Each structure stands twice: as C-alpha cells, then as structure tokens.
Amino acid sequence: MGDNMSFKDWKKLSNLIFEGKINKHNFTSFFKYDVIMKDIALNIKKYGYYTYDGRFEDCVIDFLCKKYVSLSTDFDIDLMAKEISFQLRKLIVPNIIIIPLNHLNRLYLPNELILDENISIFSMNEKESKIRRDKSLLSEYVEKKIFCKFGADHIVVTKDPYFFNYPIMAIKIEHIDYIVEHEAPKIVESVYSIMRMLDIDKVRESTDRGWGVRHRDRLPEAHTYTVYYKEAGSDFKNLNEGELGYSFRFKFSPILDINTQLLVENQKNTRNC
C-alpha cells in the first residue's frame, strides 16, 4: 500500500462510486480506505474539527459518495478537507466542564463569582436539598449555557458523594464534544495551576488556623470532575433531549493552598489570565 492516494487511485474510486460498486455500506472494502482517511485527516486538522470517534469517517464516506455519484475528475484533497470540515462543524455543541475546587474557602465567596462570561465559581452554600433537586445556581447555569438538566442527585449517588462539599467552577466551551472530553484533563490541571500561581507568595486567610482544607473543614474532598454537553442534532430548546455527560477522576491532587479572599478581591486580574 502506498503512502498516499495517487491520481490513478482517486480515479478508480470515483469510477467505482459512479458505477454503484462502492457505496456507504461497503466503502471500507476499498483497498486504500485507510490511506484516504489518512490523507484527508492530515489536511483537515488545520481546521480544528477532526474527531477520532468514527464521525469523521462517516462524514468522509458520505461526502465522497455524494461527490462521485456523478462522473468527476476533481481530486483536490485540500478542497475536500475544507468541505468536509464544514460537515464536522455541525458536531460543535455547547460543552461544560464542572470542576470541584476543594482548596477554596466558601465563606469568602459570593454565591456566584463571575470570572468570565463563560466561567463562574459557585460557592455551593445552598442547602443540600436544593442542590439535589437541581434548584441551585449551578443547575441554572448549566441549563442556561448548554440547555441540559444538571442531575445533581445523580452525581451524588453514582459518581461522587462528596462532589458538592466545596465550591465548584463551571467552564463553558463551544467545540466538538469528543475534543472537549479529551482536552478536559489538561484544562482542569491548567485551571488549578493558574489559580495557584495567582497568589503563590501569599499565605491563607488570617482566620484559617492551619493549612489546607482537611484541617479547616474536615470534610471529604471531591475526587471527580465532569464534562456535560448537548448531543449534536438534538433540540436545544428541550431540556430533556440530547443531554450527555462523562465523569473523570482527578489524576493529581486537587489540594492547593490558595487565599480565597485575595482571589475574590483580585477578580479583575483573574479574568485577564
């Protein structure tokens, strides 16, 4: 097998599609199927919409089967990649990463600390019953930003019983869900690192007797973060349709010494980061 598709290979494929011998159902049987995917993938990555979960392949097959249903000698890979990227853009949906912040002191936080139009920290000072009935400010944020019900009780029962013991940060991101899921670990670690750097030379609040949340609050720390998103093609106006999500365990210690008072006071500086 060659490293890429030659003009001769593309011509053979287009003729087979035109003759009805290659279609969506048997496209993978084409002897250079893997090479086609590789060639287009290398060109499409610059558009930022590539996804490894099978939907990319579906878009390529659908596009080529439609393109060569009529006899054609147009085999411009870059142009094909550009047009396929438009199809992949339909997979871009609102996503939200929800990160427990075990190191923040909720006593110094407002109910919602808005760091950016798509980033907020919620103190989670509301009653547990209100949180578990999806009546919290965080639940309202999720519904507003990604058009999904939060399902707080489900998180407590099946994912992490300590999820709401401390403040929580919510970050909305518009992109293909697969990309956000797989970039989320880097994003979470970056969030912790940036927040720590903001006051790395400061001590904790003057009223804090000791260091770290274990000593201060004596509550179990959360050990997961979650990624939720609306399913591509679902009705965004219907909160009961197309909601999907995943949870992940931290791969690092989510315990940091941060002065929450300074974070709130320097809110504007935080936004610039």
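1. In this predicted model, Lys24, Asp62 and Lys66 are joined in a network of salt bridges. Across the whole structure, a search returns 11 salt bridges. Several of the individual pairs are set out in the points that follow.

2. Aspartate 9 and lysine 32 make a salt bridge in which the closest N and O atoms are 2.7 Å apart. Aspartate 9 belongs to helix H1 (residues 7–18) and lysine 32 to the loop between H1 and H2, so the pair ties together parts that are 23 residues apart in sequence. Aspartate 9 has a relative accessible area of 10% and is therefore buried. Lysine 32 also counts as buried, because its relative accessibility is 9%.

3. Glutamate 19 pairs with lysine 21 in a salt bridge, the closest N and O atoms lying 3.5 Å apart. Glutamate 19 has 48% relative accessibility and so counts as partly exposed. For lysine 21 the value is 54%, which means that this residue counts as exposed.

4. The side chains of arginine 55 and aspartate 177 form a salt bridge with an N to O distance of 2.6 Å. This pair links distant parts of the chain, with arginine 55 in helix H3 and aspartate 177 in helix H8 (residues 177–198), 122 residues apart. Aspartate 177 counts as buried, because its relative accessibility is 5%.

5. Glutamate 57 deserves a separate comment. This residue is found in helix H3 (residues 55–67). Glutamate 57 is buried yet has no salt bridge. The nearest side chain of opposite charge is that of arginine 55, 8.5 Å away, whereas a salt bridge requires the nitrogen and the carboxyl oxygen to be within 4 Å. When neighbours within four places in sequence are left aside, glutamate 57 is in contact with Tyr33 and Met37.

6. Helix H2 (residues 33–44) packs with helix H4 (residues 77–88) at an angle of about 75 degrees, and their axes are 9 Å apart. The two helices, H2 and H4, are therefore roughly perpendicular to each other. On the H2 side, the contact involves Asp39, Ile40, Asn43 and Ile44. These residues meet Ile77, Asp78, Ala81, Ile84, Ser85 and Leu88 in H4. Classified by type, the contact of H2 with H4 comprises 6 nonpolar, 2 polar and 2 charged residues.

Note on methods: Residues numbered from 1 in each chain as written. Predicted model: local features only at pLDDT ≥ 70, side-chain atom pairs only at ≥ 80, totals over all residues. Heavy atoms only, no water. Axes fitted to C-alpha atoms, helices over the stretch in contact; angles between N-to-C directions. Helix = DSSP H or I, 4+ residues; strand = E, 2+ residues; numbered from the N terminus. Parallel < 35°, antiparallel > 145°, perpendicular 65-115°, else oblique. Contact = heavy atoms within 4.5 Å. Nonpolar A, V, L, I, M, F, W, Y, C, P; charged D, E, K, R; others polar. Buried < 20%, exposed > 50% of the residue type's maximum accessible area, 1.4 Å probe, protein only. Lys, Arg positive; Asp, Glu negative; His and termini not counted.
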